[in-house]
Amino acid sequence: MGISYKDAGVDIELGDDASKVLFQAAKLTWENRKGEIGEVISPFDDFSGVRVVDVSELPKGSLMCLGFDGVGTKMEIGERIGKHDTIAYDLFAMVCDDAVVRGGEPVLIGSILDVNCLSKNGVEFKNFLKDLAVGYVAAAKEANVAVINGELAELGSRVSGYGDFNYNWGAGLVWFARKDRMFTGHEIKEGDKVIALSESGFRSNGLSLARKILSNAYGNEWHKKEDLAEKILEPSKIYSKFICELTGGFSKEPKTEIHGVVHVTGGGVPGKLGRILRPSGLGADLPNLFAPCDLMLEMQKMGEVSDKEAYQTWNMGQGMLIIAPEDKKIKEIAEKYKFKVKVCGTIVKESGIKIKSQGGETPESILNF
């Protein structure tokens with residue numbers, strides 16, 4: 001008997017069942033965009049099942065863009081403890097929160113999920129996919145986006161990690177914006193307030209450093225040490241819906257004046273804030289940032305990571321920064337979303353970023369970037 005596709009590691013029937021799980025989850029997200037730009041429709045009653053959005057009535061000055069990102073190595077934490085129902089929050093946060101940095105409104109998401117296999121030694125991993133789908137639906141609602149499609153592929157040894165079920169997950173995002181509402185960096189003025197949004201976890205950045213520190217300290221089975229893995233797996237907060245309420249997004253009226261938004265991911269506060277300040281040549285003095293979570297401070301101590309390195313790698317307690325002339329309305333609306341916010345600093349004339357450290361090496365010291 002010849003070799004079958006299943007013998008080569010691809011189970012078509014099980015793959016079809018798994019795809020149905022993700023498709024049904026995606027359908028539940030279409031209600032998120034009902035009556036707004038990005039409402040999902042099926043224009044033809046035929047075999048293809050194509051889903052589209054009608055953009056024939058967009059006003060002059062409407063812009064559309066695509067953004068792409070992935071979860072990075074955070075899914076390995078889920079693999080280690082068999083918990084996958086929050087990973088979609090990290091995926092959606094990475095693409096949706098990047099869109100609002102330019103003044104856009106996240107609308108449609110498509111994802112590609114590459115797995116090593118859907119079953120092994122007679123054990124099917126469909127329940128893991130159902131966990132991913134649960135997070136898919138919940139994260140889409142929080143971000144106010146619709147999932148228009150998703151691809152699933154079994155790639156065998158091309159995908160590896162910890163344990164038997166390994167995967168990589170990336171997404172593409174369609175976002176819309178009004179040209180006259182987009183942030184260029186030139187809107188930022190000296191004297192503007194810098195308002196921080198608290199983040200109590202790692203988000204989806206700097207996990208390679210955290211994993212390296214834990215592996216060095218406790219060996220390859222580090223996740224069995226107390227509840228370390230659960231803490232690191234804390235899902236990313238998704239801020240984009242909140243930011244769109246402030247800015248008006250694509251089609252609503254702004255609630256307050258915003259001059260800039262910073263998504264604190266790779267490069268940390270100095271890297272991401274520095275990028276948005278570059279066009280104006282202005283700087284920032286940040287004496288009152290949120291403190292990082294206890295686990296970040298523990299990671300610093302265990303890995304002998306300097307405060308400067310930590311602020312350039314991790315978010316150190318801030319998921320986003322908003323630059324605005326006033327903070328009152330921002331704080332009012334943040335209460336509805338249960339986000340912790342505070343004025344953490346000021347935009348200054350001199351270039352460079354000055355941070356009063358909340359890190360574990362030399363607290364209260366001044367770091368210059």
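**Note on salt bridges, sheet and helices**

1. At 29% relative accessibility, K356 counts as partly exposed (buried is under 20% relative accessible area, exposed over 50%, and partly exposed in between, with a 1.4 Å probe and protein chains only). The model is a predicted one, in which local features need pLDDT of at least 70 and side-chain atom pairs count only at pLDDT 80 or more, whereas totals for chains, interfaces and linings use all residues. Residues are numbered from 1 along each chain as its sequence is written, and side-chain values use heavy atoms, with hydrogens and water left out.

2. K356 forms a salt bridge with E364, with the closest N and O atoms 3.1 Å apart; a salt bridge here is a side-chain nitrogen of Lys or Arg within 4 Å of a carboxyl oxygen of Asp or Glu. E364 is also partly exposed, with a relative accessible area of 48%.

3. Over the whole structure, the search finds 20 salt bridges. One of them joins the side chains of K237 and E199 at 3.7 Å, N to O. K237 lies in the loop between α6 (228-232) and α7, and E199 in the loop between β7 and α5 (207-218), so the pair ties together parts 38 residues apart in sequence. Helices (H or I, at least four residues) and strands (E, at least two) are DSSP runs numbered from the N terminus. E199 is buried at 2% relative accessibility, while K237, at 22%, is partly exposed.

4. E245 and K255 form a salt bridge whose closest N and O atoms are 3.0 Å apart. This pair links distant parts of the chain, ten residues apart: E245 belongs to helix α7 and K255 to the loop between α7 and β8. E245 is buried, with a relative accessible area of 17%; K255 is partly exposed at 40% relative accessibility.

5. Seven strands make up an open sheet of mixed pairing, in the order β8-β10-β7-β11-β9-β12-β13 (two strands pair if DSSP finds at least two bridges between them). β8 (260-263) and β13 (366-368) are at the edges with a single partner strand each, so one side of each has no neighbour in the sheet. Within the sheet, β7 (residues 193-198) and β11 (residues 341-348) pair in the antiparallel sense over five bridges, and V194 has G345 of β11 as its bridge partner.

6. Helix α3 (residues 87-100) packs on this sheet, touching β8 and β10 (318-324), and its direction makes about 160 degrees with that of β8. Contact means heavy atoms within 4.5 Å; axes are lines fitted to C-alpha atoms, for helices over the stretch in contact, and angles run from 0 to 180 degrees between N-to-C directions. Helix α7 (residues 240-247) lies across β7, β8 and β10, running at about 5 degrees to β10.

7. Helix α8 (residues 268-277) is largely enclosed by the rest of the structure, because eight of its ten residues are buried. Among the elements covering the buried residues of α8 are β8, β9 (283-286), α10 (307-311) and β12 (352-356).

8. In helix α4, the buried residues include L129, L132, Y136 and A143. Seen down the axis of α4, the buried residues fall within an arc of 165 degrees, so they line one face of the helix; the arc is that of the directions from the helix axis to the C-beta atoms. The face turned away from the buried side carries the exposed residues N127, V134 and K141.
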